[in-house]
Amino acid sequence: MLTKPMDGANHSVVSEFVFLGLTDSWEIQLLLFVFSSTFYVASMMGNSLIMLTVTYDPHLHSPMYFLLANLSFIDLGVSSVTSPKMIYDLFRKRKVISFSGCITQIFFIHVIGGVEVVLLIAMAFDRYIAICKPLHYLTIMSPRMCILFLMAAWMTGLIHSVVQLAFVVKLPFCGPNVLDSFYCDLPRFIKLACTDTYQLEFMVTANSGFISVGSFFILIISYFIIILTVQKHSSAGSSKALSTLSAHITVVVLFFGPLIFVYVWPSPSTHLDKFLAIFDAVLTPFLNPIIYTFRNKEMKVAMRRVCRQLVNYRKIS
C-alpha cells in the first residue's frame with residue numbers, strides 16, 4: 001500500500017518509464033522500421049545539405065537563407081529527439097526510458113518547438129519586408145536583425161521549456177510508469193503523477209495550445225497580407241514571390257497542424273495521437289527541405305554546385 005509522505009517532500013520511487021510503443025504486430029513493426037529509418041536518414045541528409053549549401057555558397061548569404069539554414073538545424077533536432085529511440089525500440093519487447101531521460105526528452109521537444117515557432121514568424125516577417133518594402137529590405141533585415149531573431153528564438157524556446165518543466169519536475173511518481181506512446185509526451189507524463197493534476201494538465205495544454213493557435217493565426221494573416229500585396233503587382237517577380245510564399249505556407253501548415261489538433265482537440269484518440277506524433281517527428285523534417293528547394297531554382301543550382309565541389313574534393317583526396 002502506498003502512503004503519502006508526511007513531510008510533503010518528493011519521494012519519487014519511479015526510476016524509469018515503460019513505453020507501449022506503436023504496435024505489437026511484427027509485420028507493421030518491420031514496415032515502420034523501414035519507413036522511419038529511411039525518412040530519418042533522408043531528413044538528416046537533406047537538412048545537412050541545406051545548411052552546408054547556405055554556409056559555403058556566397059550567393060545564398062542573405063537573410064532568407066540564413067533563417068532557412070537555422071530552420072534546417074532545428075529540423076535536425078526534431079528528427080533526433082524522438083526518432084532514434086523510436087526506431088531502436090521497435091523490435092524490443094520492453095521499451096524503457098529513465099526518469100532523467102524522459103525529462104531531457106520533454107525539455108528538448110519544447111525547446112525545439114519554441115525555437116521553430118519564432119523562426120517561422122521571422123521567415124514570414126522577412127518575406128513581408130522583401131515583398132511589401134523592397135527598398136528598405138537590406139536596411140531592416142540587417143545581419144544584426146537576423147542575429148536578434150535567432151537569439152529571440154532560442155530564448156523563447158528555453159523559457160517556454162523551463163516554464164513547462166518547472167511545474168512537473170517535482171511531481172511525486174510513486175507507482176504507475178506506463179506511457180501509451182513511443183516518446184515522453186508531457187500531458188501523458190503528468191497523468192502518471194500520484195496527485196491531482198487536473199489544473200496542471202489544463203495549464204500545460206492551454207499554454208502550448210495558445211502559443212500554437214496564436215502563432216498560426218499570426219502567420220496566416222501575415223501571408224494573406226503578403227499575397228494581397230503580390231497580386232497588386234503583375235510581373236515576373238510576383239510569380240516567383242508566390243512560389244516562395246506557397247512553400248512557406250505549406251511548412252507552416254505541416255508544423256502547426258498536428259500541434260493544434262493535439263492541444264485544441266478535447267480528447268484525440270491514442271492511434272491518431274501516435275500518427276500525428278510520427279508525422280511531426282519523421283515526415284515533417286523530411287518534407288521541409290523538399291518543399292523549400294522544390295520550387296527554388298537558386299537553391300537547387302547552389303546545391304548542385306556544392307555537390308560537385310564535394311565530389312571533386314573526394315576525387316582529389
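Me: Is the crossing of helix 3 and helix 7 left-handed or right-handed?

Reply: In this predicted model, the axes of helix 3 and helix 7 come within 10 Å and cross at roughly 15°, where axes are lines fitted to C-alpha atoms over the stretch in contact and angles run from 0 to 180 degrees between N-to-C directions. That angle makes helix 3 roughly parallel to helix 7, since angles under 35 degrees count as roughly parallel, over 145 as roughly antiparallel, 65 to 115 as roughly perpendicular and the rest as oblique. A crossing is left-handed if the near helix is turned anticlockwise from the far one by less than a right angle, and right-handed if clockwise. By that convention the crossing of helix 3 and helix 7 is left-handed.

Me: What pLDDT is required before side-chain atom pairs count?

Reply: Residues are numbered from 1 along each chain as its sequence is written, and side-chain values use heavy atoms, with hydrogens and water left out. This being a predicted model, totals for chains, interfaces and linings use all residues and local features need pLDDT of at least 70, whereas side-chain atom pairs count only at pLDDT 80 or more.

Me: How many charged residues has the contact of helix 3 with helix 7?

Reply: The contact (heavy atoms within 4.5 Å) includes Leu-120, Arg-127 and Tyr-128 of helix 3 and Leu-219, Tyr-223 and Ile-225 of helix 7. By class, where Ala, Val, Leu, Ile, Met, Phe, Trp, Tyr, Cys and Pro count as nonpolar, Asp, Glu, Lys and Arg as charged, and the others, Gly among them, as polar, the residues divide into 13 nonpolar, 4 polar and, as charged, 1.

Me: Which class does Ile-225 fall into by relative accessible area?

Reply: Ile-225 is placed in helix 7, and its C-alpha atom lies 30 Å from that of Ala-302, which is 77 residues apart from it in sequence. The classes are buried under 20% relative accessible area, exposed over 50% and partly exposed in between, with a 1.4 Å probe and protein chains only. At a relative accessible area of 41%, Ile-225 is therefore partly exposed.

Me: How are helix 2 and helix 3 oriented to each other?

Reply: Helices (H or I, at least four residues) and strands (E, at least two) are DSSP runs, numbered from the N terminus. Helix 2 passes helix 3 in a left-handed crossing, and the residues of their contact divide into 16 nonpolar, 4 polar and 5 charged. The two helices pack at an angle of about 160°, with their axes 10 Å apart. Helix 2 and helix 3 are therefore roughly antiparallel.

Me: Is Leu-90 buried or exposed?

Reply: Leu-90 is found in the loop between helix 2 and strand 2, where it touches Leu-22, Gln-29, Leu-32, Phe-33 and Lys-95, not counting residues up to four places away in sequence. Arg-92 is found in that loop as well, and with a relative accessible area of 30% it is partly exposed. Leu-90, at 5% relative accessibility, counts as buried.

Me: How is helix 1 oriented to helix 10?

Reply: Leu-49, Ile-50, Leu-52, Thr-53 and Val-54 in helix 1 meet Met-299, Ala-302, Met-303, Val-306, Cys-307 and Leu-310 in helix 10, a contact with 10 nonpolar, 1 polar and no charged residues. The axes of the two helices come within 9 Å and cross at roughly 90°. That makes helix 1, relative to helix 10, roughly perpendicular.
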